[in-house]
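Hi,

Here is the structure I promised to send over. Have a look first, and then read on for what turned up in it.

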Amino acid sequence: MAEQDWKTNRRVFAAVSLPTLFWIIVFFVVPMAIVWLYSFGENRGLTDIAISGTLDNYKRATEWLYVTIFGKSFAVAALVTLICLIVGFPVAMAITFASEKWRPWLLLGIMLPFWTNLLVRTYALMILLGSQGYANKGLGALWGGASWAKTLVGLEPLPTWEPVQLLFNNFAVVLGLVYVHLPFMVLPLYAALDRLDRSLIEASLDLGAGHFRTIMRIVVPLAAPGIVAGVMITLIPALGAYLTPDLMGGTDSQMIANVIERQFKKANDWPFGAALSFLLIYAMFILIALQSMRRKVPEVH
Amino acid sequence: MALFARTPRAPLEYSRTLWMRLWVGAVMVFLYAPLVVLMIFSFNDSKRNVVWRGFTTKYYEKALGNDQLVEALLNSLTIAALATIVSLALGAVAAVMLWRFRFPLKGAVDGTISLPIIVPEICMGVAFLMFFAAVDWPTDLVWPFNLGAITIAHITFCFPFVTMVVRSRLASFNREQEEAAKDLGASEWQVFRDVLIPHIRPALVAGALLSFTLSLDDFVITYFTSGPDTITFPVKVYSMVRFSVTPEVNAASTLLIILTVALTFIALKLQGVKAIAETH
Amino acid sequence: MTEPARPIIRIQNITKRFGKMTAVDNVSLDINAGEFFVLLGPSGCGKTTLLRMIAGFELPTEGRILIDGQDMAGIPPNKRPVNMVFQSYAVFPHMSVADNVAYGLKIAGVRGGEVRDRVAEALELVKLGGFETRMPDQMSGGQRQRVALARSLVMRPKVLLLDEPLSALDAKLRAQMQFELSELQEKVGITFVTVTHDQDEALSMACRIAVINKGEVSQLATPSDLYEYPANRFVADFVGSVNIFEGKLTLDEPDKAAVDCPGLGKVYLNHGVTGPHGADVWVALRPEKIYLHVPGAGKAVTAAAQDAPDGHNFARGKIKGMSYLGDITLFEIELETGARIRVSRPNLSRHDQEDFTWDDKVSMHWRADSPVVLLG
């Protein structure tokens, strides 16, 4: 049914629109506008900032150092998204095709971490990955086992196990981001797969296709909207991630968000931070624009 | 789920293949092992998180005796509760506006309302930092009014989620129900209360749960809007993790995990897993 | 010249259980090569499960299925010589019509030119020539079904399985497709196995019909045998409309029989029943096989006497309900015993519907070969 024109019912429209518009303008549009204005400003003193219309902040952002950080952030976010997709797709398939009895529990299993505090989860992963943590112990045990196996067949044992550095490097950042974002990927994938008419899969099998071909030719194309949604929902927060690189990364694992934070909390260069913020927002817009450009898959009901 | 199928597997029972089970099992271990280890070691009688030295609850006593930590947790819960209430009202109203009416600049309004979902947290944090500095927001108010700035920030990023969830639920609303109610003599308000609200109830529950956890979860935006007197739980844990790993953090984290699980189960009791999952 | 019937599908003692529920219960059936076979039954009777077991989407709990002499146990659907037309058609929405139809051929390793030819041929067969580049969302439901048909037929399967093929079409289109499907089946000579809950569909298309009830085959017969000689109350009631009266078998000789029904009176038949004397039986009488008369004229009595020399297949009652359906009028008549009976009467002239009206007293008779005695 068609939407109602606002003029036909001004009272109700006013009741629903005024609070919304007030809030979104005062507490979102205005703050963003301030950031945008400041990005064209310069520091005049310790606390004094003049909005002079200068483009220096944006120029500075094109310096090699910042370009590499932007590039690296993209690379990390893309890698994280790809890993989440590869790991998450079979999980979403398994949930979709699980029996009625199991499906709710599997879903719950994916959703519970999603509800759990991000900081707590990051911290928990850090305990596990620490140099004295269980991940290292497990690897050490494997190493010991391999060494023992070698002595069994009469070879020199391996040198003694040195704990590997699993934390405070790029590996840890990627792992941490995957850990945090995996549920974000699985849920939209599941939603898309669940909507898929199963007889389409059966028809493909019926016509002689194997399971792999059916997944590649039928399931993936038809679940494309869900895949794209999952990619966006993972890529965007991963790109702007602050906490994981801050806590789990090393000195060379900084991402854009960390650089932005430094401008405000340490370097006290608000205009430059504002400019970086807006560059990050523009990057998001570009990603979203790319997404909406993709060919729409027709749906048949 | 038996690892080895007793009956033969039908073609579409993908989840009964062995490699699928191993895969899902491995993912679950990946997701849960860190949390389980953290919870177990919150009872460990040792300063370090490595070797089991016996059972103790002393870190819970310590955590609960840490005034700053308790105050932070209390702040967080207060903010989350306030933010949830306002977000629900604001989000539902915005959803009804976008669903029901046609008005000038609708596309722009719609886009702006969903922007807080997309804009990176760090940028929102920066924006609120600058905004509250620019308007000279008072920082010396008494509790709970001193939490105002953080709460406002949280509402701004929570209510668009409520709008999204409620709107997708509204899409399945059969307007003939509304017409039937009017036909039977209901007023605009009665239709809203008796027909529309019951229909969107699952979305409201999901939206409330989402808002509450998002608010409780948020570190980055809060980090930029909180002052020395308005520490929230994540901000406090962050500083504890950053500067010294103490078992107190384990204990406090465990409490928060238990709180999350409890909340989730309450929501499930109210709505069932499927309804919640569908709203994502 | 008809060839002796050769079974292409042999279903042997098939049972399918879902948890505690038994969907298909020890069914054995032979489906002959080249016939149009229909599985008919109410929803939830297990007919679709049976079809899906032939296709390989469900695995039987017990028993086996042979297709063309080959045991299908352990053979996945993509390796079976059967193809299926799904109830939802399952046309791939992201592929053009030609790509849909070519999908199976390409997998089977058929090459370029031949694919094109066979796709064109199959589309021609289902009257969709020239639709190659259309996308499914630009087509009507009926057209999508034809795509699904072409997509299966192009594979030249030994058996084509159709799951409720006409259920999603509107009444007019459904009637037309019934003819077209029969015609198509004759033209291509492939065995068709169709599942339906619609008796008209089954009667009009099938060579043979298996009526399924609660996972079991109630009766397997040609359409006319099913209608005229139902084997049990379920079939009599499910296929067509029928009056059923309970009674006792009081006379049973090779050339005559009588059943005493408390509701209807004594019913005479001009053939034997071969049931135990005094047994509880049911008499089924189709509404169109009952003649209606104005009472008192003595016509009914005379007519009945001619049809049943040994007695009178005769009853009296009062019209309690009427529905005028154009070609026929349906009467609901309360008998003197208090039981109700349905009678249909063709409107042979424009004024026939004026002969009777509500609360009219009527008498009726039927021929001695019309009632069917059912033992179960």
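**What was found**

Strand β1 (residues 4-5) of chain A pairs in the parallel sense with strand β1 (residues 101-102) of chain B, over two bridges. Within that pairing, Asp5(A) has Arg102(B) in β1(B) as its bridge partner. Strands here are DSSP E runs of at least two residues and helices are H or I runs of at least four, numbered from the N terminus; two strands pair if DSSP finds at least two bridges between them.

Before going further, please keep in mind that this is a predicted model: local features need pLDDT of at least 70, side-chain atom pairs count only at pLDDT 80 or more, and totals for chains, interfaces and linings use all residues. Residues are numbered from 1 along each chain as its sequence is written, while chains are lettered from A and ligands numbered from 1 in the order in which they are written.

**Interfaces**

The contact between chains B and A takes 69 residues from chain B and 77 residues from chain A; residues are in contact if their C-beta atoms, placed from the backbone, lie within 7 Å. On the chain B side, helix α1 (residues 18-41) of chain B gives the most, with eleven residues. By class, that side divides into 51 nonpolar, nine polar and nine charged residues. Nonpolar means Ala, Val, Leu, Ile, Met, Phe, Trp, Tyr, Cys and Pro, charged means Asp, Glu, Lys and Arg, and the others, Gly among them, are polar.

Chain C also touches chain A, with 22 residues of chain C in contact with 19 residues of chain A. Two or more residues each come from β6 (82-85) and α2 (97-107) of chain C, and α2(C) has the largest share, three residues. This side of chain C has 15 nonpolar, five polar and two charged residues.

**A sheet in chain C**

Five strands of chain C form an open antiparallel sheet in the order β15-β19-β16-β17-β18. β15 (290-293) and β18 (340-346) of chain C each have a single partner strand, so one side of each is left without a neighbour in the sheet. Seven bridges join β17 (residues 328-335) of chain C to β18(C), with Glu332(C) partnered by Arg342(C).

**Confidence in chain A**

Over residues 297-301 of chain A, pLDDT stays under 50. Where pLDDT is low, the predicted coordinates should not be read in detail.

Best wishes

Key:
Contact = placed C-beta atoms within 7 Å. pLDDT = per-residue confidence, 0-100.
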